[in-house]
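Reader: Hi! Could you walk me through this one with me? I'd like to talk about packing, backbone and pockets.

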Amino acid sequence: MATNRTFTMIKPEAVAQGNTGKITDMIIEAGFKIKAMKLKQLTKEAAGEFYAVHKERPFYGELVEYMSGGPIVAMILEKENAVADFRKLIGATDPAEAEEGTIRKQFATSKAENAVHGSDSDENAAIECDFHFSADEIVG
Ligand code: CMP
């Protein structure tokens, strides 16, 4: 059953390039409600744990370095059909394949530095929200 929450991070290069506000505007304009939000810098350990599912991939080391290389903005978002609708809004992993009007089309610089993360399932959304936020950091 689809839940109404997803998890996103605005990734280090997008934060560093000053795109946090523009990306957040696109998220709100698309009808998502921000239920929790924080600016934080991931340690290598935390980035490695968050992306543990990609441990065997050749890009894992690069991914951990990149995601711990500068501050990220983490958010819990709420909307009906949140996971699928948010993945539509962010577009394909590779910005060359992302559709016009998507966040990655506009802000991603490469397949690795792709501006935003979006949960890929309801189950992972719940795990990722719990990874970054405690219950008292989420508004009712
Ligand atoms: P995301 O979908 O948030 O989660 C996995 C991340 O791994 C992905 O975004 C990219 O940042 C990164 N990634 C995926 N594929 C590649 C690749 N081929 N080379 C480098 N990084 C990648």
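Author: Happy to; what follows is a chat about a predicted model.

Reader: Let's start with helix 2. Which of its residues are buried?

Author: Helix 2 covers residues 20-29, and the buried ones are T20, I23, T24, M26 and I27.

Reader: And how do they sit around the helix axis?

Author: Looking down the axis of helix 2, the buried residues fall within an arc of 155°, so they line one face of the helix.

Reader: Nice. What happens just after helix 2?

Author: G31 is found there, with a positive phi of about 100°.

Reader: OK, on to the core. Which residues have the most contacts inside the largest nonpolar core?

Author: Those are I10, I23, I27, F32, F86 and I103, in a core of 19 residues. Helix 1 (12-16), helix 2, strand 3, helix 5 and helix 6 each supply at least two residues of this core. Helix 5 gives the most, with four residues.

Reader: You mentioned I103. What does I103 touch?

Author: Leaving out residues up to four places away in sequence, I103 touches I23, M26, I27, L89, I90, A108 and V116. There is also a second, separate core of 18 residues, which includes A46, F50, Y66 and C129.

Reader: Back to the backbone. Which residues have a positive phi although they are not glycines?

Author: N81 is one of them, at about 55°, and A115 is another, at about 70°. N81 is in the loop between strand 3 (72-78) and helix 5 (82-90). A115 is in the loop between helix 6 (103-107) and strand 4 (116-118).

Reader: Is A115 buried or exposed?

Author: A115 is buried, with a relative accessible area of 0%. N81, at 36% relative accessibility, counts as partly exposed.

Reader: Good to know. Now the largest pocket: how much space lies in it?

Author: About 720 Å³. It is lined by 25 residues, and the closest to its centre are Y51, V53, H54, L63 and H117.

Reader: Which elements supply at least two residues of that lining?

Author: Helix 3 (44-50), helix 4 (60-67), helix 5, strand 4 and helix 7 (122-132) each do. Helix 7 gives the most to the lining, with four residues.

Reader: Last one: how do the lining residues divide into nonpolar, polar and charged?

Author: The lining of the largest pocket has nine nonpolar, seven polar and nine charged residues.

Terms used:
Residues numbered from 1 in each chain as written. Predicted model: local features only at pLDDT ≥ 70, side-chain atom pairs only at ≥ 80, totals over all residues. Heavy atoms only, no water. Buried < 20%, exposed > 50% of the residue type's maximum accessible area, 1.4 Å probe, protein only. Arc of directions from axis to C-beta. Core = buried A, V, L, I, M, F, W, Y, C linked by side-chain atoms within 4.5 Å. Contact = heavy atoms within 4.5 Å. 1 Å grid on protein atoms, 1.4 Å probe; cavity = no way out; pocket = protein on both sides within 12 Å on 5 of 7 lines; lining within 4 Å. Points joined across faces, edges and corners; volume = space filled by probe spheres on them. Nonpolar A, V, L, I, M, F, W, Y, C, P; charged D, E, K, R; others polar.
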